[in-house]
Amino acid sequence: MKPTFKSISYKLLSTLLLAAILSMAIYCVFFYSNMRTSALERYISQTERAWQAAAHNIQHAIDTTVDVANKGIYLNRSLRDLLFSRNPTTFSHTESSNSSLMFSYMMNIYSVTPDAVQIRVGAYKSGNSLLLTTENLQRYLRRQEFPEADSPPPAPMFQAYLLPPHLPSSYGHQLSHIPPPDLSASPGLTNPEKSVFTICLPLYHLPNPSQPVGEVSIDISLNLMKKLCGYLYDDMEEFYVIDSDGYVIFSSDSSQIGQIQSEGWPKDMTQKAKLLEDNPFFADRSHPKNLHICRKISSSNLEWYMLQSIPKREIYLETNRQLATLLSAYVLCLMVATAVDALSILRFTRPLKKASEFMKSINVKTVSAPFSDYVSYRHQDEIGVLFHSLEDMMSTINNFIIRQYELDILNRTTELKMLEAQINPHFIYNTLQCLATKSLEHHDKEQYDYISSFGQLLQYSMDVDHTLVPLKEEAAHVNRYISLQKIRFPNHLSVEWKLEPAAASVTVPKMILQPLIENSFKHGCLMRKDRGHLTIGASLNEADLLSVYVSDNGCSPDPDQLEQINDRLLELKRVYVNRLFTPPHFCLLESGLREPQDKESPYAANNIGLSNVLLRLLLNFGKGCDLTLSANEEGGTTVHLTLTYKTLWNAHPCQSFHEEDRT
């Protein structure tokens with residue numbers, strides 16, 4: 001019996017309806033219990049992430065302040081000597097150099113802790129107390145006794161300890177903006193907005209510490225805690241930051257700041273947190289009405305606890321509202337969705353049917369028309385992406401086949417050219433070697449030197465394995481080039497070398513000097529003078545800059561031409577630095593540098609050597625390179641190169657090809 005045909009549209013629609021009804025039934029059964037649990041866990045997870053960031057910020061703020069205060073003392077010998085001095089007149093008056101140095105140290109602490117209200121440094125040995133108030137940046141200095149110097153600090157050595165919130169103290173100084181404490185006031189803080197907590201850092205005399213010899217006290221406004229924790233709670237929640245002794249550092253209820261939480265859920269959560277050392281964050285779900293959350297903030301300098309209590313009905317409120325809305329709208333949406341799904345399924349299955357027919361036709365015959373002529377689908381969705389991908393894939397396959405044929409032909413041509421390139425230099429070196437041997441046989445030492453120089457010149461130029469060489473090897477190559485040029489011209493030429501030893505060992509790209517020397521011969525008409533003079537120098541300065549210059553006494557272009565050449569070189573550098581260095585730009589710049597401005601001036605045309613040198617410097621050393629031309633006092637031209645030689649290659653020196661040949 002032949003199976004009954006069923007359309008894919010019917011199958012999809014029936015499957016969607018069955019899935020929708022079945023999922024709704026399961027949803028109604030498990031939604032109430034699962035969504036409540038999920039909402040609770042989601043709230044805890046979000047709270048954990050937010051609290052982790054807040055705890056990290058609090059810990060970072062405290063530890064950074066302590067770290068800066070420690071380093072400012074122990075890494076500054078002058079401050080240590082002042083602080084640990086027994087001379088009571090060390091800080092004779094506020095504007096003395098010693099006190100200014102100490103107040104600069106205190107300003108450095110204030111720069112990393114902008115919420116600090118006061119910073120005080122007490123030196124026990126000298127009996128001096130220095131105070132900096134950040135409200136008006138006033139400095140105070142006084143002599144006083146330090147009874148606390150005889151008692152050990154309540155913290156391990158080289159660690160800070162924190163005092164609970166309190167109103168700012170004058171530390172015995174006469175301050176107009178801080179009134180004396182009211183001893184008759186009730187416990188707690190009467191004005192939490194102006195309250196501070198204090199970071200106390202005992203100071204020890206290294207290398208043999210026994211008792212503290214001083215202390216740094218940093219009063220930090222509670223506004224810091226409000227900025228770091230204010231976004232963690234709302235009006236319906238209770239929020240606390242409590243230290244290990246039970247003092248409230250910060251709270252959503254400002255009246256609780258500075259008091260001790262000796263009972264209630266904050267005390268219970270704190271005790272549980274002390275027992276759970278491996279998990280700094282935990283939540284107590286056992287309470288029937290409220291969710292209690294605790295996170296421990298622990299470092300070498302503090303041990304605080306963040307606590308929060310939120311009614312569970314607030315957590316479930318959004319879930320209950322969503323359930324009521326979804327149940328009321330589901331029946332209506334199901335009917336609308338059924339109609340929309342039926343139309344959508346028909347709209348999607350029709351182009352899929354055409355696409356399957358097209359793909360089937362590819363296997364039986366060659367299809368020259370594009371895929372879009374067979375299937376028209378204009379929607380930007382998964383099916384549209386699929387159709388576009390199929391068309392691009394077929395086009396890519398065709399292009400790949402054509403390109404593969406082209407690459408095979410190109411590879412064969414390249415291999416032939418590489419074989420020819422290996423034969424030609426080998427033949428030239430062998431020929432030069434034979435000529436040099438003949439010269440020695442005829443006792444012509446001068447001719448032998450010329451041939452050897454020419455052979456070394458070719459070997460240096462054709463070596464492609466070493467693109468970076470020490471400057472001294474580049475200078476040796478230029479010296480051989482100059483000696484061969486002297487054969488062509490009978491005129492006298494003197495060459496002066498001014499290479500510093502340190503500069504001669506710096507690694508530079510090959511062939512950056514020869515184009516400059518060649519310009520002096522070709523465009524500077526150096527060999528036409530009766531007494532030509534050429535100066536080549538290089539030096540280093542303290543800014544890691546290598547300065548190389550080539551100066552001659554030949555002819556020099558006029559100032560306008562020099563300005564045009566320098567402008568073109570600057571434009572070439574600007575294009576490269578702005579990352580517009582592409583082959584079309586390079587060809588455009590190169591042609592622009594070659595455009596003749598004045599046919600009678602040799603410097604107005606063919607500056608490709610200068611652009612070539614500058615481009616290779618930019619490629620190797622980045623934007624810290626410059627090439628400029630200028631007229632000199634001898635009537636000739638000076639080419640000046642500067643580059644930051646430590647940018648890349650000085651840290652990775654390469655082996656020269658001469659050293660490799662000797663091995």
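These are my notebook entries on a predicted model of one protein chain.

**Entry 1. Ground rules**

I number residues from 1 along each chain as its sequence is written.

**Entry 2. The chain as a whole**

I looked up the secondary structure and found 16 helices and 18 strands. Helices (H or I, at least four residues) and strands (E, at least two) are DSSP runs, numbered from the N terminus.

I then turned to burial: 39% of the 663 residues count as buried. I use buried for under 20% relative accessible area, exposed for over 50%, and partly exposed for values in between, with a 1.4 Å probe and protein chains only.

The accessible surface of the chain is about 38,300 Å², and carbon and sulfur atoms hold 56% of it. Accessible areas come from the Shrake-Rupley method with a 1.4 Å probe; for residues, only the protein chains shown count as cover.

For contacts (heavy atoms within 4.5 Å), I took those with a separation of 6 or more; residues 24 or more positions apart account for 66% of them.

**Entry 3. Salt bridges**

I counted 9 salt bridges. The rule asks for a side-chain nitrogen of Lys or Arg within 4 Å of a carboxyl oxygen of Asp or Glu.

Glu41 pairs with Arg285, with 3.2 Å between the closest N and O atoms. Glu41 is partly exposed at 36% relative accessibility, and Arg285 is partly exposed at 38%.

Lys71 and Asp67 form another salt bridge, their closest N and O atoms lying 3.3 Å apart. Both residues are in helix 1, 4 residues apart, or about one turn of the helix. Lys71 is partly exposed at 45%, as is Asp67 at 35%.

Glu571 and Arg574 meet at 2.5 Å, N to O. They are 3 residues apart in helix 13 (residues 559–577), so about one helical turn separates them. Glu571 has a relative accessible area of 31% and is partly exposed; Arg574, at 41%, is partly exposed too.

**Entry 4. Helix 5**

Which residues of helix 5 (residues 265–275) are buried? I list Trp265, Pro266, Met269, Thr270 and Ala273. They cover an arc of only 135 degrees around the axis, which means that they sit on the same side of helix 5. The arc is taken over the directions from the helix axis to the C-beta atoms.

I next asked what these buried residues pack against, and found strand 7 (238–243), strand 9, strand 10 and strand 11 (303–311).

**Entry 5. Asn301**

Asn301 lies in the loop between strand 10 and strand 11. Is Asn301 buried or exposed? Its relative accessibility is 10%, so Asn301 counts as buried.

The side chain of Asn301 reaches the backbone nitrogen of Ala160 at 3.4 Å. Setting aside neighbours within four places in sequence, I find Asn301 in contact with Asp63, Val66, Gln159, Ala160 and Leu162.

**Entry 6. A nonpolar patch**

Val331, Leu332, Met335, Val336 and Val340 make a nonpolar surface patch of about 480 Å². Patches are built from residues with over 30% relative accessible area and no salt bridge, like charges being joined within 9 Å and nonpolar side chains (Val, Leu, Ile, Met, Phe, Trp, Tyr) within 5 Å. Val331 is placed in helix 6 (residues 312–364) and is exposed, with a relative accessible area of 53%.

**Entry 7. Positive phi angles**

I checked two residues for backbone phi. Leu137, although not a glycine, has a positive phi of about 55 degrees. Leu137 is in the loop between strand 2 (128–133) and strand 3 (138–143), and it is partly exposed at 45%.

For Tyr171, phi is near 55 degrees, again a positive value in a residue other than glycine. Tyr171 occupies the loop between strand 4 (161–166) and strand 5 (196–203). Tyr171 is buried, with a relative accessible area of 16%.

How values were computed: This is a predicted model: local features need pLDDT of at least 70, side-chain atom pairs count only at pLDDT 80 or more; totals for chains, interfaces and linings use all residues. Side-chain values use heavy atoms; hydrogens and water are left out. A polar contact is a pair of N or O atoms within 3.5 Å; within protein, one must be able to donate a hydrogen and the other to accept it, and residues adjacent in sequence count only if both atoms are side-chain atoms.
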